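Me: I would like to learn how to read a protein structure. Could you take me through one, feature by feature?

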Amino acid sequence: MEKHTVAIIGGGPGGYVAAIRLQQYGIDTVVFEKERLGGVCLNWGCIPTKTLVKIADLFSELHHVDEFGLSIKNPIYDYSKIYERKNQVVEKLVSGVEFLFKKRKIPVINEAVKILEKHGDSYLISTENLTIQASYVIIATGSKPKGLPAFKIDGENILSSKDILKLQDLPKRLTIVGGGVIGCEFASIFAQLDVEVQIVEFLPQLISTEDKEISKRLAMALKRVGIKINLNTAVESWKSVNGELRLSLSNGKEITTDKVLLSVGRDPVFDIECKNFDITKNKNAITINNDFETNEKNLFAIGDVTAKMMLAHTASKQGLLTTEIIKNRIEGINSKFDELRYENIPRCTFTNPEIGSVGLTEAQAKEKYEEILVGKFPFSANGKALGLGNVFGFVKTIAEAKSKKLVGMHIIGPQATELIAEGGIIIQSGMTIDEALKIVFAHPTLSEAVAESIEDLEKMSINSM
Ligand SMILES: Cc1cc2nc3c(=O)[nH]c(=O)nc-3n(C[C@H](O)[C@H](O)[C@H](O)COP(=O)(O)OP(=O)(O)OC[C@H]3O[C@@H](n4cnc5c(N)ncnc54)[C@H](O)[C@@H]3O)c2cc1C
């Protein structure tokens, strides 16, 4: 039987990144991947959607070039070409990862793992055709879209995020059930490509994990491009009438649409039989400790399957930290690592306008601390944003009043998903207001809005009242 030191099940951003790092450490590793390396992120998630975001934003901008003194008559698009470009970007990245694996001689078994068996101190991992033995196993099997009892994803009328990326023609009307990050991103993309979009969200705010004020601003921006938003509303049933879909809502109204995108969250995937042991789960998510270890020694789980925070960079970071732990165990080093602080991981939403946030929301900070400070700075008072013609939004910063430590940053506006890296550095390193303001922010840049928002925590912003 083939033996390896580490076996990784799943080659998404959790698994593939961990495999490369283990190879860099000279630790013999095998990866099982039933589809293509890159997982949901590269094939059906982050990368194809962000390629569409760029095109949709650009198309939208073309309609407003006259304010820059330019003129373009009736910009049009050809969705078959947009579809082609999305596929090309995905192909380039996925084949790039496959090339890295080949060059680094990391073996990939392109089959689904069916059984994971405890075998003394090691594990046996079996597909339909083969079994290998490994001393350490990392489960990185990801997640899949959730369904609703009355709205089964059928790939035809009721679509998942994967199905919608396979459409080669856009529908005239699209209803998105679920106003979370994925739902809002697709709404923003397709509305800018002139699809009539409606969002139906059960909760009272879009992207319920975001700061309330940010969500409100997002709703305002989405409405401006014609998206209809139904909050506090559930979809109850649907039927097809003369080629149209009719959706009944909990408020008694009906929506007529051509397609439905169901984006009501994702469920961890682990459809592997465990032999000689039981794996502890909470709902469907595999339970892990601070070392990413499951209830079994040397059996780790990372990424969406742990449901800690379903983001690609969370999966990769968990993967990289797991490789450190494995390396130390192999070398007999007994050192403790700092816990991964999930709240300090940046969260990005690629709508137009973008959202970037890190740390606590205002409501969470109020609950945690006796007293907090809130600073804000609008992009309308930032020179670079004015030049860009993109002034919608603001930077909001939260600090604990007593220690003056920054505990949250929330940005809605131009390049918010890039700017939030600054908030990530400041908050992760535990900086106080004074320490953060020792940093010099270049002029003229959008990041000056970050600096002024921090100054505003003590009402010392120069360019706002
Ligand atoms: C539309 C969409 C947009 C997104 N946009 C972003 C974004 O902009 N930024 C961001 O950070 N995150 C984004 N995400 C989330 C991101 O894609 C996930 O958090 C990330 O892919 C999780 O990585 P993972 O390695 O845990 O799992 P996955 O990427 O799901 O990879 C798991 C892999 O395991 C394989 N696998 C599963 N079971 C088995 C088995 N039994 N045997 C062999 N192989 C198996 C699967 O084939 C898959 O390739 C988006 C998701 C979606 C759906």
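Reply: We will go through strands, helices and the ligand shell in turn. Keep in mind that this is a predicted model.

Me: Let us begin with strands. How do strands of a sheet pair?

Reply: Strands of a sheet pair through backbone hydrogen bonds, and the pairing is either parallel or antiparallel. Both kinds occur around β6. Strand β1 (residues 2-9) pairs with β6 (residues 131-139) in the parallel sense, over seven bridges. Strand β5 (residues 122-126) pairs with β6 in the antiparallel sense, over four bridges.

Me: Which residues of β6 stand opposite Lys 3 and Ser 126?

Reply: Lys 3 stands opposite Gln 133 of β6. Ser 126 has Thr 131 of β6 as its bridge partner.

Me: What joins β5 to β6?

Reply: A hairpin through four residues.

Me: In which sense do β6 and β20 pair?

Reply: Parallel, over three bridges, with β20 covering residues 299-301. Here Val 137 faces Leu 299 of β20.

Me: Now a whole sheet. In what order do the five strands of the open sheet run?

Reply: Read it as β21-β22-β25-β24-β23, with antiparallel pairing. The edge strands are β21 and β23 (372-378), each of which pairs on one side only. Neighbouring strands are turned by 10° against each other on average, direction ignored.

Me: How many bridges join β23 to β24?

Reply: Seven, and the two strands run antiparallel, with β24 spanning residues 394-400.

Me: How do I read the residues along a helix?

Reply: An α-helix has 3.6 residues a turn, so residues three or four places apart point the same way. Take α11, residues 416-428. Its buried residues are Ala 416, Leu 419, Ile 420, Glu 422, Gly 423, Ile 426 and Ile 427.

Me: What do the buried residues of α11 pack against?

Reply: Strands β21 (347-349), β22 (354-359) and β25 (406-413), and helices α12 (433-436) and α13 (447-455). After α11 comes Gly 430, with a positive phi near 70°.

Me: How far does α11 reach from its first C-alpha to its last?

Reply: The 13 residues of α11 reach 18 Å, close to the 18 Å expected at 1.5 Å a residue.

Me: How many residues of α6 are buried?

Reply: Twelve of the twelve, so α6 is largely enclosed by the rest of the structure. Among the buried residues are Cys 184, Glu 185, Phe 186 and Gln 192. Asp 194 follows α6 and has a positive phi, near 70°.

Me: Last, the ligand. How many residues surround the ligand, and which are the closest?

Reply: 35 residues surround the ligand, and the closest are Gly 10, Gly 12, Gly 39, Gly 142 and Gly 303. The elements giving two or more residues to this shell are α2 (39-44), α3 (46-62) and α8 (312-331).

Me: What is the make-up of the shell by class?

Reply: The shell has 17 nonpolar, 14 polar and four charged residues.

Technical notes
Residues numbered from 1 in each chain as written. Predicted model: local features only at pLDDT ≥ 70, side-chain atom pairs only at ≥ 80, totals over all residues. Expected span 1.5 Å × (residues − 1). Buried ≥ 20, exposed ≤ 12 C-beta atoms within 10 Å, placed from the backbone. Contact = placed C-beta atoms within 7 Å. Near = placed C-beta within 6 Å. Nonpolar A, V, L, I, M, F, W, Y, C, P; charged D, E, K, R; others polar. Pairing = 2+ DSSP bridges. Axes fitted to C-alpha atoms, helices over the stretch in contact; angles between N-to-C directions.
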